[in-house]
Structures are given as structure tokens and as C-alpha cells.
Amino acid sequence: MERDQATTPPEADREGAVNRTREPAFNLPAGLTCILLFLIAVHALRTYVFPDSLDQEIILNFAFLPARYDHPLAEQSLAWLWSPVTYSFLHGSWEHLIFNIFWMVAFGAPVVRRIGMARLAVFWALSAAAAVALHTVFHWGEMIVVVGASGVVSGFMGSAARFVFSPSGRISRQFAHLNRRLSVSEALSNRSVVIFSGIWFLTNFLVGFGMFTPGGADSVAWEAHIGGFLFGFLLFALFDPRD
């Protein structure tokens, strides 16, 4: 039987091609690779090179603190202005950094391929800020130090949920960025998206109740994860150049 090329979804053709060809294990966009190397370099310098006194100054001036916004901004440094973004370049441990790198490779790569580096810079800054904005709602005025790119990674996950799933529900690392972007209503009607998002939210709520975290719920800014995910899922169309 001859296949009608005019009615075959392009996602299905790409998925068939993936099944016939072996995907490379590592095929990251150059821009994302540079970001990962930068995050590793920052943490290596803080861990092995900078003295404790300097590292404490870095945390004080570049980590996010909800308590900054409970005090008059004119009476403090400008850290309140940039820390909603710069905290995402700092990490609490190598395990924390490696965990974020793993998920950034999985979900950041298709997003970066799709939107490019210029849009990525804006997306990174706004998703980082959106993540800690929701965190601050639940921890207003508290002296809690927030570091890590988890909010941005969650933004990548929320954005990816809008386009990475093919009609069969599978994900191709090579071609996922070429899929049609689903509207919010279409995404919420897609079984793969609903299952993925449901598991993601359930995991974060369990973290919020102190499960899966040896240090308890206070050791993970799970509210920031949700803020980042919602930002990416609801607002990804503003950054997406594809129709």
C-alpha cells in the first residue's frame, strides 16, 4: 500500500527516521555546553580556590534571600536587583550541581535548539526570577539562602512539555525541537504531557512534605521548582520563534 505523504505528520516521519538511525549519546548545543562549563567552573572556584571569607561574600551578594525584600531597598546594596538571577549560577554541592546538569541536558537541549541563545538568555533570567518569586510568596522575609539552577531547569521542563512529545508520546533527542508547539489547552489534553506533568508535580509536593530529602523539606526550594515550571509551561510561546 502506498503511503500518502501529504497526510503523514512530520513528527511521525522524524520518529521513523530516529528508529532507523542511531542517535548520538551526547549531542548538546554549543551554547548549552558553554553554560554547563561555566556552572562547573564557578563551583570549582568556590570549592577549591576561593577562601571561605570570599565565598561567604559571594553568597551574601549573589545568592537569593527573601529577607532582602522585607527591608527598605534604599538601605541596602543592589544585590536585591541581580540576586533573583545570579543565585542560579551558584550551587550548594557537587551533587546539587550534577543533578541540575543531568536534567538540563535532558530538557534544556531541545529548548535551546528551538529558541536559540539570545532568547535563552532572556528565558534564563525570567524563569530564575519567576522561580524565586513564588518561593518568596511562601517565605516572605525569611533568612533562607537559595542557590541553584533548579528553577531554570524546571522552566526548561515546563517549556519542553509544550512540544517535545511526538504523537505517539515518544521523545527524540535529535528532532524533538522540530515538533509543533501545543497550545496550553492541547497540552493539557495530551496524555503524555499530563502524565509527565502529574508525576513532576507529585514528586515536588512529596519533596515539600520532606520525602526524598535527607535534610527535610527546608533543604529544597520546591516552591521555586513549581514557579519555574509554571513559567515555562504557560509562557513558552513568548520565546518560541516557531509557528
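How exposed is alanine 125? Alanine 125 is partly exposed, with a relative accessible area of 23%.

## Model and confidence

This is a predicted model, in which local features need pLDDT of at least 70, side-chain atom pairs count only at pLDDT 80 or more, and totals for chains, interfaces and linings use all residues. Residues are numbered from 1 along each chain as its sequence is written, and side-chain values use heavy atoms, with hydrogens and water left out.

pLDDT is the predictor's confidence in each residue, from 0 to 100. The protein averages 86. At least 70 is reached by 81% of the residues. Residues 1-8 have a pLDDT below 50. That stretch has four contacts in the model beyond near neighbours in sequence, where contact means heavy atoms within 4.5 Å. Residues 15-25 also fall below 50, with 14 contacts beyond near neighbours.

## Overall fold

The protein has nine helices and zero strands. Both kinds of element are DSSP runs numbered from the N terminus: helices are H or I over at least four residues, strands are E over at least two. Of the 243 residues, 44% count as buried. Take the contacts with a separation of 6 or more: 76% of them join residues 24 or more positions apart.

The UniProt record, an unreviewed entry, annotates "transmembrane region" at residues 25-45, 97-113, 120-138, 144-165, 193-213 and 219-239. Such annotations may be inferred rather than shown by experiment; positions follow the numbering used here and feature names are shortened. Residues 97-113 are 100% helix and 0% strand, with the end C-alpha atoms 22 Å apart. Residues 144-165 are 50% helix and 0% strand, and there the end C-alpha atoms are 37 Å apart.

## Nonpolar cores

A nonpolar core is a set of buried Ala, Val, Leu, Ile, Met, Phe, Trp, Tyr and Cys residues joined through side-chain atoms within 4.5 Å. The largest one has 48 residues. Met104, Trp124 and Phe156 have the most contacts inside it. Two or more residues come from each of α2 (30-49), α5, α6 (150-160), α8 (191-208) and α9 (222-235). Helix α5 gives the most, with 14 residues.

Methionine 104 shows the reach of this packing. Leaving aside neighbours within four places in sequence, methionine 104 contacts Leu32, Leu36, Leu39, Ala109, Trp124, Ala149, Val153 and Phe156. A second, separate core has five residues, among them Val42, Ile58, Ala63 and Leu90.

## Helices α5 and α6

Which elements do the buried residues of α6 pack against? They pack against α5, α8 and α9. All 11 of the 11 residues of α6 are buried, so this helix is largely enclosed by the rest of the structure. Among them are Val152, Val153, Phe156 and Met157.

Alanine 125 sits in helix α5. Its C-alpha lies 8.3 Å from that of valine 152, across 27 residues of sequence. Valine 112 is also in α5. Valine 112 is buried, at 4% relative accessible area. Beyond neighbours within four places in sequence, valine 112 contacts Pro29, Leu32, Met117 and Leu120. Valine 112 and phenylalanine 123 are 11 residues apart along the chain, and their C-alpha atoms are separated by 10.0 Å.

## Aromatic rings and charges

Rings of Phe, Tyr and Trp (its six-membered ring) pair if their centres lie within 6.5 Å; planes under 30 degrees apart are stacked, over 60 edge-to-face, and the rest tilted. The count comes to 25 aromatic pairs. Phenylalanine 99 and tryptophan 103 are edge-to-face, because their ring centres are 6.4 Å apart and their planes stand at 70°. Both lie in α5 (residues 94-138), four residues apart, or about one helical turn. Phenylalanine 99 is exposed at 52%, and tryptophan 103 is partly exposed at 30%. Tryptophan 103 also pairs edge-to-face with phenylalanine 102, with centres 5.0 Å apart and planes at 85°. Phenylalanine 102 is exposed, at 53%.

Two arginines lie over ring faces. A charge counts as over a ring if NZ of Lys or CZ of Arg is within 6 Å of the ring centre and within 35 degrees of the ring normal. Arginine 114 lies over phenylalanine 163, 4.5 Å from the ring centre. Arginine 162 lies over phenylalanine 233, at 5.9 Å.

How values were computed
Buried means under 20% relative accessible area, exposed over 50%, partly exposed in between (1.4 Å probe, protein chains only).
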